[in-house]
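Hi there,

Here is the structure I promised to pass on.

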Amino acid sequence: MILRRTLLLVLLLPSLAAAQNSPEDQARGLLEDGRTYRKEGKLKQALDNFQTIVSGFPNTSFVDDALLEIGRYYLEVDHDVAKAREAFEQVTKRFPQSDGAPGAYYYLGRLTMERAAAPTDIDDALAQFARVQRLYPRSEWVPRALYATGLAHRKSGRLAEAAEAARRVALEHPSSDAAPAAQFELAQDLALAGEFRQAMEEFQQVRNRYPESEWSPVALDRITALYRLYGAGKPAFALDAAYSVGAGDTLKDVRGILMTPARTLWVASDKVKSAIPFAPDGKMGPGLGGEDLQSLSLAPNGDLLVTAARAVRLGPKNLQTFAIPGSKPGETEPLEKLEAVVVTPAGSVLVADEKKKKVFRFDGKLQYQAPFPDAKERQVSRLVLDGEGGIVMLDRDERTVHVVDEAGKPLRIIATRGPGYELRKPVDVAVDSFRNIYIADEEGGVLIFSPPGQLLATLGGADVRKARAVTVDPAGAVLVYDDKVQRILRFK
Amino acid sequence: MKMALPRGLTLVLALALAAPPARAQETAPPSGALSEAVQKELGAVQDLLARATAEFEGPQQSRSIVQFDEIVTRLEVLHRQGTLPTRGREILSTAYELRARAYYNIGLQEKAADSFRSLVQLNPQYSVSKEKVSPKVVDYFNSVKKALVGYLAVSSSPAGAKVSLNGDFLSLTDFFPLEVLAGEYTVEIAREGYRTETRTISIAPKATETLQVELTRTLASAFVVTEPAGVEIWLDGQLRTTTSGTPGPELLEMVRGKGLDPGRASGRTELGNLSLGSHNLEFRKKCYETVKRQIEVPEARDYETDGIKLQDSVGSLQLRSEPPGGRIFLDGEPMGITPKDLDAVCSGKHRIEVKHTSGKFIQDVVVGKDESLTLDCPIRPSLAYLGVVAESAAGERVAPDVEEKLIENLQKMATLNFVPAPRETVDRVLESEKLTRKALLPGGSAEPDLVKKVTEKLAASLEVQGFLIALLPGEKLQRTAVLHLLAAGNTVPDTWDVSFGESASYMRFLSAVDRKATLYRPWTGLITVDSAMFEGVPVLRVVPGSPAAQAGVQPAEVLAAVDGKAVKQTSDLLAAVEGKKAKEKLGLQFKGAGGAARAVDVTLAETPQEIPLNDPSLLYNKVMMDLRQQVEGYPGTETAAFARLNLAICAMHFGDFAAAHEHLLKARTELPARPGLSQGTALYYLGLALERLGYKKEAVDAYRAAAGFKDATLFNNDGPSVAPLAARRGGN
């Protein structure tokens, strides 16, 4: 294919025939074709082209670009971090003055950041991004590196610095391809920092300045969610009387509901022993079967996690059981009363078992690690990620909600009672894009708390008789399963 | 040389001296026609004459004869060739006289007589000075002469005719008897406008022949007096003469009789040599209406025309420029500073130039009689084209063709004056700093400070604001040129590739050049957000002091329609505002909480706008030229202040934080202190610039000062607040 394409090129451009024969031109052609293949999804062919440049045209000026593309392939397609890192490091060591070098530093920083397990990892990543800005100030990678700097700061919880970095991209590189994402990131950082009005304005700038970008519709959802909570002085929710979803027995014995970013509503019904998806238009899709369903959650990669008492469905095809070390060496003990499962951003799997009254951590290969966050017994019935590295744990017996980080360090707590509320029978918990926590209380409706734990609003009274499950849609509307009327209610 | 003539012929003498040389023999060739050889020969002979004369006056006078012989021999050669000029004739005459006298003094009277005869044949009117020469020699000379010459007197009616003997001019009539060599002659009497008369005469030695000739007129003359004087008279499309002078006392009555003012009228001017028939006359003078007449000339005589009075033909010009303060040049003459009214501008075509430090305006206009013409003179920056630089020998070969194509296409620029720079001027300035054109380009040898200095010098010299250089890269196929556009005083050009054979690629460049950065846009001060909760868009905030604030709009109101059109998202509102201008009204319809509607009219204001720091579609050097025009054209105004802020941003785009710092220091005092883009904005950017320059403490001070401006914004009056950003950077 490569040879045919090259020949075609020569035939089509006879005036360039003399120039086409040079290794430089051949390497350029291979690179351009490889990038085209990548855009068309022909990834293996793309990789072949890039590797041909490295091995067959080692003295041309395109080797750095080819190595960069190879690194991207290993990172984004094969998820082979080691090979990706090796390719990027080749660029930075062998071709430090090339156009590809800043890109290599950028990717090395991204690799480090996305697998960061400690603050020093984030610092290393920041150093890589800073190198791009300092050594290649006019490179097209600078805005991307700045954007990534913001992400790194945000990962560390340094929201002011994250906003600053994102602001710089929007201010200094408004036409770069990183600008829409950076503008969005800026708004999100401001929202997370509690500057809601400014956040709404900045989300609006995403829509005003980059209306065609993928971030524009997401920005609309964020503005709507923020405006609902903070726009008019106090949160404004109203029951959507026209809302109706479900068919047959799907809304009986519902153990959990979950709205995905794509607005698919999953309903885990123990009556039909399935988790059933409902599309935004209400159409029901094929369900995932399971005995004794307990809860639903989403993994960071977007996979649906369906927790049943004895096993967890990790994605549509992966059914997983869990076991912990037994009392005797070499023995294992299966976990048979699972209540909730969550996959952390670092790839750990946290499993809450009712019988053991503990949460257990398993690594990415599902090897048992230790109790989480500690060995203390607690009846955790729900586990949810808050999107910012926090793990939300609903302690049913204590009637509290704890937020801890990946290492188990406590971040926040919503106590049993506080100003204006009391948690009487909390059964489910959800988190929105801004770390606001929504607690479904069978006796209290749905209580909405800000990240520091301040009660923002209560949805209940005559509208919600027996809240059994809760979820939040991308635009901040709250969906509650009312076990009394066996309906899913929507508050918009 | 004094001519010995009878007393009664004094008048003739006066006329003769006033006329071209009165000789019967050949005339001297005009001095302009003297060849180099003749001049050289003349010079040599003159030297010889001096030596010979010295010898003549010395004790051995006879020795001078040989020298005089040589002079005679050499000059006679020229004489026979017809190339002997007037001066040569004088030398030859002197040589003959002195040789003759020398011969006489040594007793060789025959030889003396020969010399005298040659002398008289050369110049029949020659006389030997009685004061300097002995009477015997004088008598001897006269006796020789008498044997050779006769006398001729010619009179004509009218007088003033040229008399020629055998084609050689003699004198103007009427003249008393002149000495001529005895012989047969054809006498020609000619006067312009008259038929030439010819007579044949024979003149004997010592005899006097007299001719009286009636001349027959063949052409007419017209006599013209004009008011004013200095009027060109065009006859049948050809310029014949120009009236001048003033009427003499004897003509005053006649002039008045013609209806003219003697104080302004010309003298009586002859338009001679009019052939019989009909003629078209035009009387033209700048700033006067042309007068046309037809004259009939049935016979050859003098005609007296009516007085020709020309009427003023002037108009006026009112010149305004943006920016004002430009120096006006009308047909190259300085006429003041814009805005200016120019009265009494001659009707007709004029070239108007208005030169400003930030650019110029050039236009040709036609002003009609009594027309009052108002001309807006938008000043455009000028871009000097410095030429083509080639990186290879192949490029050198095609450079002239490329240059031609470039100039042809780039002259179509609409917002800049495209000026091919005089090569010598550019070379001189560059050579004074030992630079080439290539050194001004990126990767060139020159230091940035030197590039800055040289471009400022060139700009002053050429009166331009920017430069364009085309680079032909060293590629195998010579198809592209890289255009480098550089504002004066800047060091980093914008570059643009053109395929110099394709017009379309120039069009893209010209579009980019002619694009003006948006510096102001209409403004309401209304900040709305999109939300799926409402049909319209809720108001999030209202900028204090803005048009929306003045109209009483409140946050949380939901905007449902603008000018009757439903608003579904914020972009609908923005589009409606963008479609209007400042001071126009915008009708807003709000939907209340209970469904009640409220209508509000907002009078739009204007918000200044920052240039984006990095916009690949902008040519920042061109933007800088436009901004400098604002700074230099409107000093002390907010327009200039905002332009300076944007100049700082342009400087930051190029990484020139020192220049940005300079601009911001001025901008921070010139900008207003009110909500929106203001002093706080400049202070924030000043902090950024100081930080990049390494002045950390000064940067922090600037940020802290910026944080004190609570309502200052970035980007435009609706943009993000400076205070929290500055507070964070200032360590608050």
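Let me begin with the contact between the two chains: 27 residues of chain A and 36 residues of chain B take part in it. Please keep in mind that this is a predicted model. Chain A and chain B bury about 2700 Å² between them, with carbon and sulfur atoms giving 57% of that area. On the chain A side, Leu171(A), Glu201(A) and Tyr227(A) supply 24% of the area that this chain buries against chain B, more than any other three residues.

Four salt bridges are found across the interface of chain A and chain B. One of them joins the side chains of Glu164(A) and Arg729(B), at 2.4 Å from N to O.

Which helices of chain A supply at least two residues each to the side that touches chain B? They are α10 (159-172), α12 (196-209) and α13 (215-231). Of these, α12(A) gives the most, with eight residues. Sorted by class, the side of chain A that touches chain B has 11 charged, 10 nonpolar and six polar residues.

Finally, a sheet in chain A. Four strands form an open sheet in the order β5-β6-β7-β8, with antiparallel pairing. Its edges are β5 (293-298) and β8 (319-320) of chain A, each of which pairs on one side only. Two bridges link β8(A) in the antiparallel sense to β7(A), which covers residues 312-314. Val312(A) has Gln320(A) in β8(A) as its bridge partner.

How values were computed: Residues are numbered from 1 along each chain as its sequence is written. Chains are lettered from A and ligands numbered from 1 in the order in which they are written. This is a predicted model: local features need pLDDT of at least 70, side-chain atom pairs count only at pLDDT 80 or more; totals for chains, interfaces and linings use all residues. Side-chain values use heavy atoms; hydrogens and water are left out. Contact means heavy atoms within 4.5 Å. Buried area is the accessible area (1.4 Å probe) that two parts lose on being put together, summed over both. Ala, Val, Leu, Ile, Met, Phe, Trp, Tyr, Cys and Pro count as nonpolar, Asp, Glu, Lys and Arg as charged, and the others, Gly among them, as polar. Two strands pair if DSSP finds at least two bridges between them.
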